[in-house]
Amino acid sequence: MRLFRNAAMGFSALAANPFRTALAALGIVIGVASVVTLTSLGNGVSNSVSAQITDLGPNLITVSPGGSSEGGGPEGGPLGGAVSTSTLTPQDTETVAELPSVRAASSNVSTGGLVEGQSVQLSGVDPSYENIRTVDLASGRFIEGNGEVVLSASDARDFLDASPEGAIGQTITIGSSVDEGAGTGAVDPGGSANADQAQPNPGAAPRNLPENLAEGGSREAAQNGVPQNGAAQSAARGERGSNRGGAADAGEEYEVVGVAAGSQQAGIGPAQPATSYISTQDALELSGSETVGQILASATSADSVDEARAGIISEIREAHGGQRDFTVVTQEELLSTLTQTTAQLNIFLAGIAGISLLVGGIGIMNIMLVSVVERTREIGIRKAVGATDADVLWQFLFEAVLLSVLGGAVGVGFGVAASTLMPALLADLPSAVYGTTQIALAFGVAALIGVLFGSLPAYRSARLAPVEALRRE
């Protein structure tokens, strides 16, 4: 009974000074709102990244330049180190594709070309790329060999002034935008784990090999998706290679067999403009490179990913003379790394927001200390008529806790509102994800701060002697 009476008196004291009560609780409101907002948005970003990686498929394996060069060295972290020069070749892609645990493999070369004097971004891939990554087509089909191109919707509109359906069957002339012998790196156009890398290619073979061109080659083999390299590739493309002549402005005709739809969603981050696709060999000739920037592979099943990864490491390392100059990344490793990173980021953001709670607690303690001084006569009278030290202690402690709880409740409301409105105002920001645990934790911390920072004023009020309290007034 006495506890309820003390609580009622504490509530009455706070209601008697509403403005001062609101100012005392403001720090708690800001602190709790900040914690709820930042952690909710952080959870939203984490879930969004995880969903994008999962959408790429659990069987996806990426081989990128960079890694240890010694067999006993590290196997390369999930995000792998990048190097300026790639040593991955189309033959490495063939080796990966032949592994029994690999369903499909494709090289990936990112390069640039010139169409009517304008730059165009091109991704050189194998026909099997469509079996590894989903390519949304507005019309037509995916590339099946050399001399074919799948244009992005914007490229079809800009260079052919045609609809996706109208562009099919037309030809487009693409010239090299790099000097002879200069190469480019490659990156998965879907935006997977690696960024674009520029790759100088010292010692790259000239794109025209007259002695091989005379043999005519076999274009049909290339169209069937059979990877070739070096002289054999030039021979297979005899009638097409003669048009290049090593000149930066030389062009060659490509048949438009498909048009990509809109933009490609990146594996991490916002959507990227859709690239135009050509065959790996065509991209290598345009870039003047003999190496690819990335190899994408798909394991036969989720259970065979580890087996496929081990086989890829073993086979490519053997092909590279025992050098570990590449990094193999699976989706599970990438997801694990990014989950750990976002979790640490959430803790860091919550810690920053928690500083506001600390400041709010100090504000409550200051207000309560002032309240003890102002209400010295009230304390003296209560103790003179029989109130115990515990009664006075609980009254002031209840006031401090009530300030924190009310501030915490209002702060949770503001935090939920802010984290709901921000994704609506910022298009690239994923929706917030609220967790019962985080809201309860923020609310509980607010109440704990009320207890901690209200203890000193409550203790000082309880220690006042009635005679001294009345005389001080």
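## Ser-276 and its surroundings

The side chains of Ser-276 and Asp-155 are joined by a polar contact of 2.6 Å, a term for a pair of N or O atoms within 3.5 Å in which, within protein, one must be able to donate a hydrogen and the other to accept it, residues adjacent in sequence counting only if both atoms are side-chain atoms. This is a predicted model, in which local features need pLDDT of at least 70 and side-chain atom pairs count only at pLDDT 80 or more, while totals for chains, interfaces and linings use all residues. Residues are numbered from 1 along each chain as its sequence is written, and side-chain values use heavy atoms, with hydrogens and water left out.

Ser-276 is buried, with a relative accessible area of 0%, where buried means under 20% (1.4 Å probe, protein chains only). Leaving aside residues up to four places away in sequence, Ser-276 touches several residues, among them Val-120, Leu-122, Val-150 and Asp-155, a contact being heavy atoms within 4.5 Å.

## Strand pairing

Ser-276 lies in strand β8 (residues 276-279), strands being DSSP runs of E of at least two residues, numbered from the N terminus. Strands β3 and β8 pair in the parallel sense over four bridges, pairing requiring that DSSP finds at least two bridges between two strands; Leu-122 stands opposite Ser-276 in β8.

Strand β3 (residues 118-125) also pairs with strand β2 (residues 102-115), in the antiparallel sense and over eight bridges, and Val-120 in β3 is the bridge partner of Gly-113. The strands β2 and β3 form a hairpin with two residues between them, and Glu-116 in the turn has a positive phi of about 55 degrees.

Notes
Buried means under 20% relative accessible area, exposed over 50%, partly exposed in between (1.4 Å probe, protein chains only).
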